[in-house]
Amino acid sequence: MSTEPGSIAHGSVQPGSVQPGSVEPGSVEHGGIDHGSVFDGLLGGDSSQWAFGTDFEDPLAGVDTTTPDGVDGAELAAYCLMLGDDALIMSQRLSEWCSRAPDLEEDIALANIALDLLGQARLLLARAAAADPGVVPALPEGSPVPPEDALAFFRGDRDFRNVRLAEVPNGDFAHVVVRLLLFSTARLALLERLRAGRDHVLAAVAAKGVKEVAYHRDWSGRWFLTLARGTDESRRRLLAALDALWPLQAELVAPHPLERSLAEAGVGVDPASLREEVDAVLAQVLAVSGVERPDRAPLAGVGGRTGRDGLHTEALSLLLAEMQVVARAHPEGRW
Amino acid sequence: MTPAHPAPGRPHDQPRTDAGHPATGRPHDRAPADAGRRAAEVAGHVRDPEMPMLTLADLGVLRGVDVVRGDSGEEVVVVSITPTYTGCPAMATMRDDLVHRLNDAGFDRVEVRVVLDPPWSSDWISEQGRAALRAAGLSPPGPAARRAGPVPLTLGPPRTAPPCPRCGSPDTRLTSEFGATACKALYRCAGCLEPFEHVKEI
């Protein structure tokens, strides 16, 4: 970095003080004002590094969010909520691991995975709002809360469409490894197919997501193997976690009528079409780990309704209470 | 006058010549080519907030700079950027930096657009960017995997370990595929015993 400190000083310039055309490219200088502080040079002398943005922006700014032909906006929005809520709730559970993982590297890994999923959730919820503004909860006049935040922080539990696997409380480290393996195996298979969908936003989110979730699946698959082939205690904990979470696996590949309908329209993916691939990947992990596929029945829904219908375990309400409390207390707050 | 970033070559021209990209090559009611060149040059000097040794152009995040005429004939700079990772928390900072720099250079109206497709690839980091990473002690990414069909599960040690960016030793070990930012993995060198960060292939 050969830039001299003080040669660029954004913060000190009043808007409009630079006349159009008066500045040579590559020689931005504003009156030689030298701030001379202890922080000079910390970031290569580039003062723009201190201009950290804090305001929200439209995550889909400039992206064409037209609903594809023959697709109902409300249906598309509900579908985006399903995929977005899976990512959001899973991200929230993973975030609870911050500072609690067995070592620093795994703590950072879990936080990174949570961040990837939060990013996916943000785009998917924004896409839901663009497809049908009617899904966005009403907020007081003048509230600065963007639509995707309103969806995350101002919906009740019955309006969340995530699978129940994402919401059940955390357990030990083996539990988060198993949960993430089951979740990311199904999500990766889904995103791989969604890339070819007719909705450009969903296809683009999926294309990016595939690259990210491939890392998540590898991380959890390696830890599954490590814990299974580790000590008696690590194996005992792994098997207990697998036994506890397996009843929630089937929901990941159980189609909701809406998912079927959007799959038929060429926009979404029928989760039933993922079963073969998901089973093959899980069988591979189980085989190298020397673990039998659990023989546990799927967790029943309420009158056949499950997470995709807004029917959740009580764990979701508690999770939402914590996740939403600050936003709900300050619906007009700026952050 | 001190050149803000005396970068050799014209790396900032890259996004504009990226044939086939949706953000470029469209028939615009173009302002004088000079304004477009100037805007591209200013935008091409803006650095990445998390890896300030790289410009956004070097990183491949800057996908296009166009100057168009607005409704009342004024110059509007339209800048297209793409996130490295979906959750990249630096997008707002990148946008603000681009707007500030272009405002300072006399472009009063700046629009920053998000391009999601095609998704960012570490292959887009320029040669100059790779050299800057190495000079800063970071290991640049190898070629990203190109595959058709399902993503294979990798349960063994992943990929080929990169050489140490400090001592050049090929004897390095992966510590974690997740690092201080979404785009970096952690390695350690068995030669010089130093840890280092590696920009992940995606």
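How many helices and strands does chain B have? Four helices and seven strands. Before I go on, please keep in mind that what you have on screen is a predicted model.

If you walk along its sequence, the pattern reads α-α-β-β-α-β-α-β-β-β-β. There are 202 residues in this chain, and 47% of them are buried. As for contacts, if you take those in chain B with a separation of 6 or more, 59% are between residues 24 or more positions apart.

Let's look at one sheet. It's an open one in chain B, built from three strands in the order 1-2-3, and the pairing is mixed. Strand 1, residues 62–69, and strand 3, residues 109–114, are the edge strands of chain B here; each has a single partner, so one side of each has no neighbour in the sheet. On average, neighbouring strands in this sheet are turned by 20° against each other, if you ignore direction.

Now, where does the mixed pairing come from? Take the two pairs in turn. Strand 1 and strand 2 of chain B, the latter being residues 75–81, run antiparallel and are joined by seven bridges. If you want to find that on your screen, B:Val67 has B:Val77 as its bridge partner in strand 2, and B:Asp66 is partnered with B:Val78. These two strands of chain B form a hairpin, with five residues between them. Have a look at B:Gly73 in that turn, too: its phi is positive, about 85°.

The other pair is strand 2 with strand 3 of chain B, and those run parallel, with six bridges. B:Val77 shows up again here, this time with B:Val110 as its bridge partner in strand 3. To get from one strand to the other you go over a helix: strand 2, helix 3 and strand 3 of chain B make a right-handed β-α-β unit.

What about the helices on this sheet? Helix 1 of chain B, residues 33–44, lies across strands 1 and 2 of that chain, and runs at about 145° to strand 1. Then helix 3 of chain B, residues 91–104, packs on the sheet and touches strands 2 and 3, with its direction making about 155° with that of strand 3.

You'll find B:Pro118 in the loop between strand 3 and helix 4 of chain B, helix 4 being residues 127–135.

Next, B:Leu193. This isn't a glycine, but phi is positive, near 70°. B:Leu193 is in the loop between strand 6, residues 184–189, and strand 7, residues 195–199, of chain B.

A:Ser99 is in the loop between helix 1, residues 73–95, and helix 2, residues 104–131, of chain A. Here the count is 8 C-beta neighbours inside 10 Å, so A:Ser99 is exposed as well.

Terms used
Residues numbered from 1 in each chain as written. Chains lettered and ligands numbered in written order. Predicted model: local features only at pLDDT ≥ 70, side-chain atom pairs only at ≥ 80, totals over all residues. Pairing = 2+ DSSP bridges. Axes fitted to C-alpha atoms, helices over the stretch in contact; angles between N-to-C directions. Contact = placed C-beta atoms within 7 Å. Buried ≥ 20, exposed ≤ 12 C-beta atoms within 10 Å, placed from the backbone. Right-handed = clockwise from strand over helix to strand, strands pointing away.
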